[in-house]
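Take a look at the chain below. We will walk through a few of its parts, one step at a time.

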Amino acid sequence: MNSSETAPGRGTAVVIGGGLAGVVAAWALRGRAERIVVVERDRYPDTPAFRAGVPQGRHAHLVLEAGHRALEELMPGIKQELTDAGAHRVSTSGDLRWLSSAGWMADYPARLAFLSCTRPVLDKVVLDRVRTEPSIEFLEGTDVVGLLGSAQRVTGVKVRERGRERGDVQGRGEVREIPAELVIDAAGRSTSVPKWLGELGRPVPEERVDAGVAYASRLFHRPPGVDLGHQAVYLQTKAPDKPRMGVLLPVEGDRWIVSLAGMRGAEPAPGTEGFTEHLSRLRDPALAEMLRGAEPAGEVRGFLPGPGVRRHYERGAPDGLVAVGDAASTFNPVYGQGITVSLFCAQVLRRTAARHGGVGPATARDARREIAAVSKTAWMMSSAEDVRFAATTGGPSGALIRLQHRYLDKVLRGATHNPEITAAFHEVLSLVAPPTRLFHPAVVAAVLRG
């Protein structure tokens, strides 16, 4: 047995990608690897700022209840640090007005909440904590350009320093190798690892669902003295004929971030005119009314996230390799699941490395299986909702999914007036309870009565 499986603090772990998923993965392995190297293609800004390597960063982000519980477990005290940096705690009832496909959700004494702030603030607060760990080192401005090893075992990565300026090919360094007992792919949606594995003769099985979603987002200054009785608004889509959604969330600096989205065929047009036109075509004027008189705090930014992808590394992958976050499972962003699932992945890494006392092959094998398990619910929920729209490609189909849709529609109708149903639905959507929570006898009875 490899010594790194039994002896704490042995071996090297390399993390491909220094975004949120990568840095929390590195933090999770502290004390279980002698050396942890995070390879990040960007150079981190000194203060919270949007980065080119996080193209989704300019759009609305939230950390679901299950996510900030996981983050606090990994980094005790981090929620207070985020609050001090301007993050808002938004309860799922009272603070949030949610228009589901069936109507406005009923209010109730909510125990659940999500954290809302801009992505740069979230990334900076977490990164500052990770940088306090001496066993973690960062290679900024560096690309991973390939894997070391074979189809049977990954033994490290090939890296090359980038030019200081964009397009500066001559300024790039030579390719060098970093051997490692464990390689973690946290490179996100654009990861090259599946391509490299295919070239090694070890393709990764995957599922794809593509609703064709497109985003347009803008920051606004909150009008002085405004008191609307709630902090956030979510206007959901309603399949099959209302494929537009909008969300307004509070963020630091007394600002709002507003993200509008549409499924394939209902994408926001570019620029201010497209943003305004999309806003006017939402199912309810509530969001537009909140923005009346609000001064823009930035330009309109668009984003095409691409398809949802679930990669089944648990079905077969080289020893020494684990994928986390969007590199493992990419969801339609409208459901707000991605950050929370990335934090689940970090918890898995911490558990499996502790179980095996290091970062050897047994840790990687267990981690792949458990990451597949903790991301399964989010994938099932997002893909099942995506296929409600006729223009979606891929995803589940058949009699069972139609039955699930009919029952969920009844749940949502009940959630417009029955607080017990609303609370159960929020627990599932917040990823603190499995979907079976909606089949608890008390919930089923309330749904059938309603």
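**A buried serine and its surroundings**

S329 is buried, because its relative accessible area is 4% and the cut-off for buried is under 20%. Keep in mind that this is a predicted model. Find S329 in strand β22, which covers residues 329–330. Now set aside its neighbours within four places in sequence. S329 then touches V309, R310 and S375.

Is S375 buried or exposed? It counts as buried, because its relative accessibility is 2%. Its contacts include S329, where we started. R310, F331 and V341 are also in contact with S375, again leaving aside neighbours within four places in sequence.

Helix α9 spans residues 361–386, and helix α8 spans residues 338–356. Their axes come within 9 Å and cross at roughly 150°. Angles over 145 degrees count as roughly antiparallel, so α8 and α9 are roughly antiparallel to each other. The crossing of α8 past α9 is right-handed.

Which residues of α8 and α9 meet? From α8 come V341, F344, C345, V348, L349, R351, T352, A353, R355 and H356. From α9 come A362, T363, D366, A367, E370, I371, V374, S375 and A378. By type, the residues of this contact are 11 nonpolar, four polar and four charged. S375 is one of the residues on the α9 side.

Now move along the chain to a second pair of helices. Helix α11 covers residues 419–429, and helix α12 covers residues 441–449. Their axes also come within 9 Å, and they cross at roughly 125°. How are α11 and α12 oriented to each other? They are oblique. The crossing of α11 past α12 is left-handed.

In this pair, E420, I421 and A424 of α11 meet A442, V443, A446 and V447 of α12. The residues of that contact divide into six nonpolar, no polar and one charged.

Key:
Residues are numbered from 1 along each chain as its sequence is written. This is a predicted model: local features need pLDDT of at least 70, side-chain atom pairs count only at pLDDT 80 or more; totals for chains, interfaces and linings use all residues. Side-chain values use heavy atoms; hydrogens and water are left out. Axes are lines fitted to C-alpha atoms, for helices over the stretch in contact, and angles run from 0 to 180 degrees between N-to-C directions. Helices (H or I, at least four residues) and strands (E, at least two) are DSSP runs, numbered from the N terminus. Angles under 35 degrees count as roughly parallel, over 145 as roughly antiparallel, 65 to 115 as roughly perpendicular and the rest as oblique. A crossing is left-handed if the near helix is turned anticlockwise from the far one by less than a right angle, and right-handed if clockwise. Contact means heavy atoms within 4.5 Å. Ala, Val, Leu, Ile, Met, Phe, Trp, Tyr, Cys and Pro count as nonpolar, Asp, Glu, Lys and Arg as charged, and the others, Gly among them, as polar. Buried means under 20% relative accessible area, exposed over 50%, partly exposed in between (1.4 Å probe, protein chains only).
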